[in-house]
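This report walks through one protein model, topic by topic. Keep the sequence and the structure in view while reading.

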Amino acid sequence: MALSARLWRFLPWGRGSASGLRLSAGAAGSRGTCGRWRLGGAEVVGNPEAFRRSLLFSALSYLGFETYQVISRAAVVHAAAKVSGVEEVLAQADYLYESGETEKLYQLLTQYKESEDAELLWRLARASRDVAQLSGTSAEEKKLLVYEALAYAKRALEKNESSFAAHKWYAICISDVGDYEGIKAKIANAYVIKEHFEKAIELNPKDATSIHLMGIWCYTFAEMPWYQRRIAKMLFATPPSSTYEEALGYFQRAEQVDPNFYSKNLLLLGKTYLKLHNRKLAAFWLLKARDYPAHTDEDRQIQTEAAQLLTGVSDKN
């Protein structure tokens, strides 16, 4: 109604007869005839029909512009509401993650599994994997969740290749799937995993987790058993390889970026120093891992492993 009223006021003949279009007697002839007629208090020479058509065209143009503005404003409001909705879900998800509410987080995010938002999708991949890691998850359900997590991580990466977290979780999920696909697939995937961890670090050099995971990659191939090395050499001309020194560099770098961010980084610093025969520094980091406040099942498992390793270190001293 407001738009119609504004349009009506815009038209000369919509403002009342005093200021409307008045034709003189000589102007009421055929369509092509020019004559004298009055517009408000002024006398105008010309074709009144042509003038009327031009005014109508202007009015319709004005109506189109007004409609465009209304639609544009509605689209902006809708988009803002959508963004606001996603941000609220992400905030809630991050709160549940920090609180260690693994199953509640998974239940929340699975409601948005059809989302096209990369931030939601990589969080859903993480949540699926975390549920798979729970001690109460059956072997069959764990396998389903591992493959589900990979699918979500892949979609996240497709939606936003500039997301360091999408690269990180895609690499993690590929690694998990390798446990079900045999040694050949696992070794072949190692190159892809390394590539995505390196990309994640490049996109966000301050993400301690990505740096830590690159350390795990190095540690894994440094301690690869001889029979797996032999298989790798048979399957690949240049199989992946690394050293404990490389692994240590990444674990130390992760700790520098974010001290005490993860109990497993503390544990692996201790274990790597053990591999390098430095028992003093090994004991230092294992003690920190053992005393790390346990918030998750993984933290508790790490506490137990660190305590056992410390016993071994003490026996040798």
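K271 and E305 form a salt bridge, with their closest N and O atoms 3.0 Å apart. A salt bridge here is a side-chain nitrogen of Lys or Arg within 4 Å of a carboxyl oxygen of Asp or Glu. K271 sits in helix α11 (residues 263–275) and E305 in helix α13 (residues 297–316), so the pair ties together parts 34 residues apart in sequence. Helices are DSSP runs of H or I, at least four residues long, numbered from the N terminus.

K271 counts as partly exposed because its relative accessibility is 21%. E305, at 28%, is partly exposed too. The cut-offs are these: buried is under 20% relative accessible area, exposed is over 50%, and partly exposed lies in between (1.4 Å probe, protein chains only).

## How to read the model

This is a predicted model: local features need pLDDT of at least 70, side-chain atom pairs count only at pLDDT 80 or more, and totals for chains, interfaces and linings use all residues. Residues are numbered from 1 along each chain as its sequence is written, and side-chain values use heavy atoms, leaving out hydrogens and water.

pLDDT is the predictor's confidence in each residue, from 0 to 100. The protein averages 81, and 73% of the residues score at least 70. Residues 1–33 are one of them, with 52 contacts beyond four places in sequence. Residues 74–83 also stay under 50, with zero such contacts. A contact means heavy atoms within 4.5 Å. Where pLDDT is low, the predicted coordinates should not be read in detail.

D94 and R123 form one, with the closest N and O atoms 2.9 Å apart. D94 belongs to helix α2 (residues 48–98) and R123 to helix α4, so this pair ties together parts 29 residues apart in sequence. D94 is partly exposed because its relative accessibility is 29%. R123, at 9%, is buried. E119 joins D94 and R123 in a network of salt bridges.

K168 and D207 also meet in a salt bridge, 3.1 Å from N to O. K168 lies in helix α6 (residues 164–177), while D207 is in the loop between α7 (182–203) and α8. They are 39 residues apart, in distant parts of the chain. Both are buried.

## Helix α4

Helix α4 covers residues 118–133, 16 residues in total. From first C-alpha to last it reaches 23 Å, close to the expected 22 Å. That expected span is 1.5 Å times one less than the number of residues. The helix is mostly covered, with 13 of its 16 residues buried.

What caps the N-terminal end of α4? D117 does: a side-chain oxygen lies 2.9 Å from the backbone nitrogen of E119.

H212 lies in helix α8 (residues 208–222). Is H212 buried or exposed? H212 is buried, because its relative accessibility is 0%. Its side chain makes a polar contact of 2.8 Å with that of N265. A polar contact is a pair of N or O atoms within 3.5 Å; within protein, one must be able to donate a hydrogen and the other to accept it, and residues adjacent in sequence count only if both atoms are side-chain atoms. Leaving aside residues up to four places away in sequence, H212 touches several residues, including F251, F261, Y262 and L268.

## The nonpolar core

The largest nonpolar core has 69 residues. Such a core is a set of buried Ala, Val, Leu, Ile, Met, Phe, Trp, Tyr and Cys residues joined through side-chain atoms within 4.5 Å. L109, F197 and W217 touch the most other members. Beyond four places in sequence, W217 touches A190, I193, K194, P240, S241 and S242.

Key: Helix = DSSP H or I, 4+ residues; strand = E, 2+ residues; numbered from the N terminus.
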